[in-house]
Structure formats: structure tokens, C-alpha cells
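Student: I would like to learn how to read the features of a protein model. Please take me through them one at a time.

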Amino acid sequence: MKKAFTLMEMMISVVLLGLIITFLTSTLGDLRQSKKILQELSSQKGHVSRLLTLLQEDITSASTLEIRPTQDHTLLLLKTTSSLYQIDHPYVRWFVDPRSKKLIRSESSHDLTPPYRDDQLFLVHLDEAAQQCDWMKAYRSEDNATLLIGLKCDKKDYYLESMAP
């Protein structure tokens with residue numbers, strides 16, 4: 001007598017194979033979603049790290065630094081050797097644009113202070129450092145030796161402590 005699979009055994013194996021493929025497909029979809037979320041988080045952390053590194057570099061290479069508090073934010077005015085545009089001893093300004101809520105880094109060879117007039121814009125390089133920046137505050141220690149900068153960007157708080165120039 002020949003041994004063979006019965007119709008019932010074949011149907012059970014097909015159903016089991018279908019269930020296994022369904023579970024594997026759903027697991028693969030979950031893995032893709034997790035990968036996407038992790039890449040976005042990694043990109044955000046990398047962006048924040050570059051932002052804080054650039055701010056730190058501007059401060060540590062500054063020959064002068066002035067802190068001007070405004071109603072909601074702080075305006076940092078620096079004369080530095082750190083340049084993204086190969087300007088010799090540029091004037092760098094860090095500020096939050098009150099209309100767009102973006103953290104802006106401006107660099108110019110001229111001593112200009114925001115808000116910039118239309119006829120000054122061709123003299124200034126403007127870089128968007130962060131979007132959705134609610135505030136930026138800067139404080140000097142009592143002995144003027146250190147500087148503390150706080151930022152709230154993308155609903156997260158960031159702090160940078162640096163030696164003051």
C-alpha cells in the first residue's frame with residue numbers, strides 16, 4: 001500500500017503556510033516602520049549635534065561676544081574667526097526669528113544687527129540652524145568666565161555651557 005498525503009493533510013499544511021506567511025509579512029512591515037523611526041531620530045540627533053558644535057565653535061573662536069536680551073529671546077553677537085563662507089573675522093549673529101520661529105545663524109563681513117533691512121540682505125549669509133525653535137536664552141556667569149545657552153527647538157530643551165571669550 002502506497003503512503004500518500006490525504007486531502008485533509010494537504011489543506012491543513014496550506015492553511016498553516018498561509019498563517020506563517022501572514023505573520024512574517026506583518027513582522028517585516030513592523031521592522032520597516034521601526035527602521036524609519038530610528039533613522040528619523042538619528043537624523044534629528046545628528047542635526048542637533050552639528051548645531052551645538054557649530055555654536056560652540058563660534059563661541060570659542062570669538063574675540064568679542066555680546067548678549068542682547070529681547071522680549072522673548074536672546075540675540076548673540078559675535079566677532080569670530082569661525083566662518084562657513086571663508087570671511088576673515090566675520091560678524092556672526094545667532095537669533096530666533098519671531099515670525100517663523102526658526103533659529104538663524106547669520107554671517108557677514110559687515111557689523112549688521114538683525115532685523116535686517118532689505119538693502120542689507122545681500123551683505124549677509126543666512127543659515128537656518130533649526131526649525132520650530134521656541135526660544136533661545138544666553139547667560140554669563142557672575143565672573144564672566146562661562147556662558148550658558150539654552151534652546152528649545154523641536155519641543156526639546158538643549159543646553160550648552162562654554163568658556164566665555
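Student: Which residues are linked in a network of salt bridges?

Tutor: Start with the ground rules. This is a predicted model, in which local features need pLDDT of at least 70, side-chain atom pairs count only at pLDDT 80 or more, and totals for chains, interfaces and linings use all residues. Residues are numbered from 1 along each chain as its sequence is written, and side-chain values use heavy atoms, with hydrogens and water left out. Now the idea: a salt bridge is a side-chain nitrogen of Lys or Arg within 4 Å of a carboxyl oxygen of Asp or Glu. Here the network links Asp58, Arg105 and Glu107. Arg105 meets Asp58 at 2.8 Å, N to O. That pair joins distant parts of the chain, with Arg105 in strand S4 and Asp58 in helix H1, 47 residues apart. Arg105 also bridges to Glu107, at 2.7 Å, N to O. Helices (H or I, at least four residues) and strands (E, at least two) are DSSP runs, numbered from the N terminus.

Student: Are Arg105 and Asp58 buried or exposed?

Tutor: First the cut-offs. Buried means under 20% relative accessible area, exposed means over 50%, and partly exposed lies in between (1.4 Å probe, protein chains only). Arg105 and Asp58 are both buried. Glu107 is buried as well.

Student: How many salt bridges are there by this rule?

Tutor: The count is seven. One of them pairs Arg99 with Asp97, the closest N and O atoms being 3.9 Å apart. Arg99 counts as exposed because its relative accessibility is 75%. Asp97, at 16%, counts as buried.

Student: Now pockets. How much space lies in the largest pocket?

Tutor: General idea first. Rolling a probe the size of a water molecule over the atoms shows where empty space is left. The work is done on a 1 Å grid over the protein atoms alone. A pocket is an open set of points with protein on both sides within 12 Å along at least five of seven lines, while a cavity is a set where a 1.4 Å probe fits but cannot get out. Lining residues have an atom within 4 Å of a point. Grid points are joined across faces, edges and corners, and a volume is the space filled by probe spheres set on the points. In this model the largest pocket holds about 440 Å³.

Student: Which residues lie nearest the centre of that pocket?

Tutor: Phe95, Asp97, Pro98, Pro114 and Pro115 do, out of 17 lining residues. Strands S2 (74–80) and S3 (91–97) each supply at least two residues of the lining. S3 gives the most, with three. Look at the backbone too: the peptide bond from Pro114 to Pro115 is cis, with omega near 0°. Pro115 sits in the loop between strand S4 (102–108) and S5.

Student: Which residues line the largest cavity?

Tutor: His47, Val48, Leu51, Ala130, Cys153, Asp154 and Tyr158 do. The volume of this cavity is about 40 Å³. The structure holds one cavity of 30 Å³ or more. H1 gives the most to its lining, with three residues.

Student: What is the phi of Asp154?

Tutor: Near 55°, a positive value in a residue other than glycine. Asp154 is in the loop between strand S7 (146–153) and strand S8 (156–163). At 41% relative accessibility, Asp154 is partly exposed. Lys101 also has a positive phi, of about 60°, although it is not a glycine. Lys101 lies in the loop between S3 and S4. Its 34% relative accessibility makes Lys101 partly exposed.

Student: What does Val124 touch, leaving out residues up to four places away in sequence?

Tutor: Contact means heavy atoms within 4.5 Å. Val124 touches Ser106, Glu107, Ser108, Leu112 and Tyr116. Val124 and Ser106 are 18 residues apart in sequence, yet 6.4 Å apart in space, C-alpha to C-alpha. Val124 belongs to strand S5 (residues 124–130). Val124 is buried, since its relative accessible area is 10%.
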